[in-house]
Amino acid sequence: MAVPSYRSFPSPLLGMGLNGGQNVPIKESSGDYEHPMDVESFRVAAKSMIDWICDYYDNVESLPVRSELSVGDIRSVLPSEAPTGPESWNKISSDFQEKIMPGVMHWQSPNFYAYFPSAFSFPSLLGDLMSSALSVNGFLWVSSPAATELETVVVDWLGKMMGLPQAFLAIDSEGKRGKGGGVVQTTASECTLVALLAARARIMEGRPLSDTSRLVCYFSDQAHSSVRKACMVAVTPHVRVLPTCHSTGFSMEPALLEAAIKEDLAAGLLPFYMVGTIGTTSSCAVDPIGEMGAIAQKYKLWLHVDGAHAGVAAILPEQRHHFAGVELADSFNTNPHKWLLTTFDCSCIWFRDADPLKAALSLTPAYLRGKGNAYDYQNWEIPVGRRFRSLKLWFVLRAYGQEKLQGFLRHHIRLAETVAALARKDERFEVSAPPRFGLVCFRLKGRSNEDTSALIEAFNKTGKAFLITTDLAGQTVARIACGGFMTQERHVRATWQLIGDTATALFSAPEE
Ligand SMILES: *Cc1c(COP(=O)(O)O)cnc(C)c1O
């Protein structure tokens with residue numbers, strides 16, 4: 001079999017073009033406004049685009065994962081002004097192919113292991129397509145009842161699959177609406193921010209505005225940067241970043257947390273918000289949610305649990321122990337758009353009591369009035385406008401079913417264990433944290449941080465796979481995040497082989 005070249009892009013494999021070889025004519029305009037692309041020309045273009053997408057997925061494995069372009073390369077081949085008149089779809093689609101595709105990182109390659117996965121699946125793509133096709137804006141129940149009602153149902157479905165406590169669900173077993181419930185947001189970053197705003201609304205109720213200068217929030221040094229960003233955006237005056245260490249597996253130490261809260265209370269400050277993470281971004285560490293929850297209740301802080309990547313693992317009974325104590329949280333979020341086959345963006349957050357959230361975010365002018373007894377999700381988020389995101393999640397949950405989804409997560413957890421076992425067998429490497437939720441962290445044993453960085457850069461240059469490094473307690477470690485739509489055992493085995501071969505090529509010369 002011919003070995004595909006990782007250097008020859010644009011690839012002839014994708015040579016078909018988006019126009020399906022047909023000329024899509026531009027209509028001459030007359031009296032009424034006419035769109036350059038009407039229904040019939042859309043029909044032609046869209047069908048050939050679907051063919052293009054199928055070809056892409058048939059061949060993405062053979063494309064170099066990382067684009068090797070330099071900054072400005074794409075801009076330099078694009079005109080600096082938009083066209084004054086309509087351009088033909090043929091020309092647009094061939095420019096997409098020739099000028100845009102070379103700069104695309106192939107996140108859906110089975111050999112993409114960087115960051116956390118960005119989920120894809122065909123039912124999800126269909127859901128996104130349909131959501132764009134309908135292009136409704138579901139900010140109020142009345143602005144598109146199906147968008148709101150489907151969201152309530154589907155987010156409850158996912159909450160039940162994950163074993164979330166009843167209090168987090170919108171509708172109880174008798175069909176009654178409770179105080180809690182979930183909603184789909186764009187990202188975990190937005191979830192963390194709205195949870196913070198809800199926490200602030202709760203603690204500030206009945207207090208003078210000047211008390212906002214005393215607010216403190218708490219998280220560990222392993223919390224995602226978006227947590228700190230939420231504090232920046234919300235102008236939180238005091239932020240306590242608690243240190244973690246290797247010996248405790250990079251998870252939050254409750255004694256440090258409680259000591260910090262006590263110290264701040266004694267100094268006249270107002271602790272109000274803490275974030276625990278299940279599956280930190282660097283190493284998939286798990287904070288002790290139960291102990292944090294007990295502290296949160298004792299000192300009346302809001303506990304938000306960030307399970308952006310790993311939260312969906314709660315659909316696996318054998319992973320539930322990581323979620324112990326989640327019933328003590330005030331809010332919990334996870335991103336189906338990372339590991340659960342639902343295309344970006346789709347991040348779900350559940351609240352035990354959504355009233356403080358609505359108190360923080362409701363502001364209803366006459367033109368945005370809804371029906372009093374319905375969910376109006378504009379009051380659960382920062383933007384007014386919102387896409388029909390629940391559609392793609394609904395398609396995924398139905399087209400896969402709970403068991404196939406469990407199988408998908410288990411598959412990746414197994415792949416990470418396979419990589420860790422391979423790494424442990426090669427005495428040049430060490431595994432830096434226990435493999436968890438599909439993530440493996442490793443480094444060159446007894447070598448400098450620079451050596452591990454150089455290894456990963458040389459490896460990524462091959463184009464055959466892509467991974468990133470992170471910092472764990474001053475050590476540079478490489479991360480292999482399994483979770484891709486198409487990743488199989490043969491991919492991770494080949495990847496590990498290539499990492500070993502790259503290390504041999506780089507470091508086999510005797511050191512002085
Ligand atoms: C990826 C990640 C985030 C950020 O997710 P977005 O949806 O991109 O905002 C936050 N927290 C953790 C733990 C993550 O892994």
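**Close-up views of a predicted model**

**View 1. The salt bridge between R387 and D128.** The side chains of R387 and D128 form a salt bridge, with N to O at 3.1 Å. A salt bridge here is a side-chain nitrogen of Lys or Arg within 4 Å of a carboxyl oxygen of Asp or Glu. The pair links distant parts of the chain, 259 residues apart: R387 sits in the loop between α11 (355–361) and α12, and D128 in helix α4 (residues 122–134). Helices (H or I, at least four residues) and strands (E, at least two) are DSSP runs, numbered from the N terminus. This is a predicted model, in which local features need pLDDT of at least 70 and side-chain atom pairs count only at pLDDT 80 or more, while totals for chains, interfaces and linings use all residues. Residues are numbered from 1 along each chain as its sequence is written, and side-chain values use heavy atoms, with hydrogens and water left out.

View 2. Buried means under 20% relative accessible area, exposed over 50%, and partly exposed in between (1.4 Å probe, protein chains only). D128 counts as buried because its relative accessible area is 16%. R387, at 31%, counts as partly exposed.

**View 3. The salt bridge between R352 and D330.** The side chains of R352 and D330 meet with N to O at 3.3 Å. R352 lies in the loop between β7 (347–351) and α11, and D330 in the loop between β5 (302–306) and β6 (331–334), so the bridge ties together parts that are 22 residues apart in sequence. R352 is partly exposed, at 25% relative accessible area. D330 is buried, at 8%. Elsewhere, salt bridges that share partners join D128, D345, R387, R389 and K392 into one network. The structure holds 28 salt bridges.

View 4. Helix α14 covers residues 489–507. Its 19 residues should span 27 Å at 1.5 Å a residue, and the end C-alpha atoms are 27 Å apart, which agrees. The expected span is 1.5 Å times one less than the number of residues. Buried residues of α14 include H491, V492, T495, W496 and L498. The buried residues pack against α12 (390–425), β8 (429–436), β9 (439–444), α13 (449–461) and β11 (475–481). Contact means heavy atoms within 4.5 Å.

**View 5. The largest pocket.** About 790 Å³ of space lies in this pocket. Of its 28 lining residues, M49, W52, I53, F120 and L125 are the closest to its centre. The elements giving two or more residues to the lining are α1 (39–59), α3 (89–100) and α4. Helix α1 gives the most, with nine. By class, the lining has 24 nonpolar, four polar and no charged residues. Ala, Val, Leu, Ile, Met, Phe, Trp, Tyr, Cys and Pro count as nonpolar, Asp, Glu, Lys and Arg as charged, and the others, Gly among them, as polar. On a 1 Å grid over the protein atoms alone, a pocket is an open set of points with protein on both sides within 12 Å along at least five of seven lines; a cavity is a set where a 1.4 Å probe fits but cannot get out; lining residues have an atom within 4 Å of a point. Grid points are joined across faces, edges and corners, and a volume is the space filled by probe spheres set on the points.
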